[in-house]
Amino acid sequence: MRVLPDGTYLARMNLAGHKGAHPSGVLVRVVEYRVDGGKVIRLLTDLFDADAHPAAELAQLYHERWEAESSYWQIKTFQHGQQEVLRSVGPELVRQEAWAHLVVHHCLTAVIMRLADNHKIDPDRISFVKILKHTRRSVIRQCTDTPATIRKFTAMLAAKYAGNSTTALADSAKRTGTSNAPTRSTPTDQTTTSARQCAGYPPKSSHCGQR
């Protein structure tokens, strides 16, 4: 082990499963540092030149590298959703959908960077989830029709449903040989007969309901 001028030191590390290729271990440079007075963190690197690669710079870059992992997490967990799968089934369409997710994430990141630059703050302090939700609401708001258009569309659906129901009833009457024309029995007679039957009384005539 040899200590470098900046306080870092060189050491040899054995790689599991690679002892045959590296019997004496691999030479690494060890950078030790603390974050906010916490426990000691040891960073191993093969950048041995302490002048070209200062220890403080390496420690800062090590934490920045996790931004890539954070980006994958944002896409898979929030933007795409944990319970969702790619809707495409063909290889070309799957690649197209994956690229679409990456493009959307790039655009959202550009918005975050612009906001951070305007307010002179660290981009990490801006919530990706909030930006994503705000963007979704904006897109939905622009695609939503006016209330008048929605009422017109609803009325059209109701009229179409009523027309289909009338046609279906007419077709059913033709198939069964019945007619929708009013009978000679008055509503009072029909109501009385139905009420007597529901109450358990016998009908007035054994031929009730038949003509």
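## Strand pairing

Reply: Val31 stands opposite Leu43, a residue of strand E4. The model is predicted, so local features need pLDDT of at least 70 and side-chain atom pairs 80 or more, while totals for chains, interfaces and linings use all residues. Residues are numbered from 1 along each chain as its sequence is written, and side-chain values use heavy atoms, without hydrogens and water.

Start with the E3–E4 pair. E4 covers residues 40-45. Six bridges join E4 to E3, and the two strands run antiparallel. Strands are DSSP runs of E with at least two residues, and helices are runs of H or I with at least four; both are numbered from the N terminus. Two strands pair if DSSP finds at least two bridges between them.

Now the turn. E3 and E4 make a hairpin, with five residues between the two strands. Asp36 sits in that turn. Its phi is positive, at about 55°.

E3 also has strand E2 as a partner. E2 spans residues 9-13, and E3 spans residues 26-34. Five bridges link them, again in the antiparallel sense. Here Arg12 faces Leu27 of E3. So E3 pairs with both E2 and E4, on the pairing rule of at least two DSSP bridges.

Where does this part fall in the chain? The pattern along the sequence is β-β-β-β-α-α-α-α-α-α. That is four strands and six helices. The protein chain has 211 residues, and 15% of them count as buried (under 20% relative accessible area, 1.4 Å probe, protein chains only).

Terms used: Buried means under 20% relative accessible area, exposed over 50%, partly exposed in between (1.4 Å probe, protein chains only).
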